[in-house]
Amino acid sequence: MATSLGSNTYNRQNWEDADFPILCQTCLGENPYIRMTKEKYGKECKICARPFTVFRWCPGTRMRFKKTEVCQTCSKMKNVCQTCLLDLEYGLPIQVRDTGVSVKDEIPRSDVNKEYYTQNMEREIANSDGTRPVGQLGKATSSSDMLLKLARTTPYYKRNRPHICSFWVKGECKRGEECPYRHEKPTDPDDPLADQNIKDRYYGINDPVADKLLKRASTMPRLDPPEDKSITTLYIGGLGDNVTDGDLKGHFYQFGEIRTITIVQRQQCAFIQFATRQAAEMAAEKSFNKLIINGRRLTVKWGRSQAARGKDGKDGISEMGIRLDPVPGLPGALPPPPALDDEAPANYFNLDPATSPAIMNIAIPPPPGINPPPPGFGPPMFHPMGPMAPPVPPPITMRPPGTIHYPSQDPQRMGAHAALHSS
């Protein structure tokens with residue numbers, strides 16, 4: 001271990017002996033009943049190279065075991081987690097945090113200067129209450145809008161997943177489902193995120209994750225106020241069940257007088273109407289992409305006027321100003337019906353005009369084994385008033401005498417011969 005000879009006694013008396021580590025919620029895991037192993041002076045800190053108490057635990061099911069990497073003194077100097085070295089307040093890398101609050105903390109790198117600096121920081125930590133960071137970070141009191149926009153409000157437990165199994169990548173893993181490592185395709189080795197160094201992250205230099213977040217911050221969208229000056233309403237989305245009317249009022253009253261607050265619980269959104277346009281613009285500017293209430297990041301947008309709201313069906317825009325994507329698989333608009341000629345007859349069955357009406361009046365023979373119905377008792381093949389309908393028989397009173405008009409009066413149906421009928 002890199003310790004100077006002149007301060008050996010001092011270092012041995014001040015080696016760290018802690019009862020619980022300084023961790024973020026992601027590294028601690030989602031299991032409230034966690035079991036840790038504690039090893040006193042188990043490893044040396046990867047920053048100051050002094051022995052410290054090492055804690056080891058499993059953050060959840062099918063997760064890899066994690067342990068503390070730096071001592072608590074180095075953790076308190078930068079206000080970071082002992083395992084992932086991310087900021088405890090925003091969940092961001094140190095380089096992004098220092099850029100947001102405009103802090104440039106130059107920690108010495110050589111062994112003697114680093115040891116002297118660490119001893120002074122320990123003395124400052126002992127004189128403080130332990131709730132605020134020390135050093136240059138403790139002097140920066142102003143918060144940054146960029147940090148509020150990039151801050152992670154919920155734990156990201158995917159970071160605790162096991163590493164990829166190198167044997168499975170080569171096709172040689174024989175453990176199957178019992179393998180504690182991930183059987184997934186590895187990422188691109190040329191990806192800069194695959195090349196991370198714990199010391200570079202702590203000192204805030206050459207951090208690929210920080211570079212990615214800073215580029216994202218430079219390309220973040222802006223919320224421009226609408227041209228209609230009569231709009232003084234803000235749309236707040238993603239409320240959930242734990243954000244109430246009082247929570248919204250407690251945050252937005254600082255920007256100006258609030259006229260009404262309407263919460264739509266079914267859609268988990270709210271509409272806040274201010275008395276003046278100036279108050280609404282200030283609230284939108286100070287809350288867009290950085291509004292966090294009760295641990296939830298809320299969406300802030302401008303409301304829409306009644307005239308624009310009436311065009312929702314035409315423009316494909318919902319009532320809350322969100323453009324709706326077309327649903328795949330739905331039929332399109334029906335084509336217009338063809339123009340009908342008044343002189344042409346209505347052809348409802350798409351029949352060939354050259355077809356003879358005599359052919360269309362041919363009755364279809366019944367299936368075998370079924371007697372055909374008597375004349376006049378079958379279902380009509382055509383509409384009685386249609387142009388192709390057969391002639392309607394005359395009524396009974398206008399028929400000539402001797403005509404058989406009932407089936408029971410037909411002798412041939414009763415088995416009589418034609419000769420007997422004629423006699």
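Here are some notes on this predicted model, for someone meeting it for the first time.

1. Ground rules. Residues are numbered from 1 along each chain as its sequence is written, and side-chain values use heavy atoms, with hydrogens and water left out. Because the model is predicted, local features need pLDDT of at least 70 and side-chain atom pairs count only at pLDDT 80 or more, while totals for chains, interfaces and linings use all residues.

2. The annotated stretch. An unreviewed UniProt entry lists residues 159–186 as "zinc finger region: C3H1-type". UniProt positions are given in the numbering used here, feature names are shortened, and annotations may be inferred rather than shown by experiment. In the model, residues 159–186 are 14% helix and 0% strand, with the end C-alpha atoms 15 Å apart. Helices (H or I, at least four residues) and strands (E, at least two) are DSSP runs, numbered from the N terminus.

3. The largest nonpolar core. A nonpolar core is a set of buried Ala, Val, Leu, Ile, Met, Phe, Trp, Tyr and Cys residues joined through side-chain atoms within 4.5 Å. Buried means under 20% relative accessible area, exposed over 50%, and partly exposed in between (1.4 Å probe, protein chains only). The largest core has 21 residues, and Leu234, Ile236, Leu248, Phe252 and Phe274 touch the most other members. Strand E4 (233–237), helix H11 (245–252), strand E6 (269–274), helix H12 (277–287) and strand E9 (299–302) each give two or more residues to this core. H12 gives the most, with four residues.

4. Ile236 up close. Leaving aside residues up to four places away in sequence, the contacts of isoleucine 236 include Leu248, Phe252, Ile272, Leu291 and Val300. Contact here means heavy atoms within 4.5 Å.

5. Strand E5 (residues 258–264) runs antiparallel to E6, joined by six bridges; two strands pair if DSSP finds at least two bridges between them. Threonine 262 has phenylalanine 271 of E6 as its bridge partner. Four residues lie between E5 and E6 in this hairpin, and glutamine 268 in the turn has a positive phi of about 55 degrees.

6. Aromatic pairs. Four of them turn up in a search of the whole structure. Rings of Phe, Tyr and Trp (its six-membered ring) pair if their centres lie within 6.5 Å; planes under 30 degrees apart count as stacked, over 60 as edge-to-face and the rest as tilted. Tyrosine 202 and tyrosine 203 have ring centres 5.7 Å apart and planes at 80 degrees, so the pair is edge-to-face. Tyrosine 202 is buried at a relative accessible area of 0%, and tyrosine 203 counts as buried at 13%. For tyrosine 235 and phenylalanine 271, the centres are 5.6 Å apart and the planes at 50 degrees, so that pair is tilted. It links distant parts of the chain, with tyrosine 235 in strand E4 and phenylalanine 271 in strand E6, 36 residues apart. Ring pairs also link Phe252, Phe255 and Phe274 into a cluster.

7. Helix H10. In H10 (residues 208–218), Pro208, Ala210, Leu213 and Ala217 are buried. The buried residues of H10 pack against helix H4 (94–100) and helix H7 (145–150).

8. Glycine 60. This residue is in the loop between strand E2 (51–57) and strand E3 (66–67), and is buried, with a relative accessible area of 17%. Glycine 60 and asparagine 31 are 29 residues apart in sequence and 6.1 Å apart in space, C-alpha to C-alpha.
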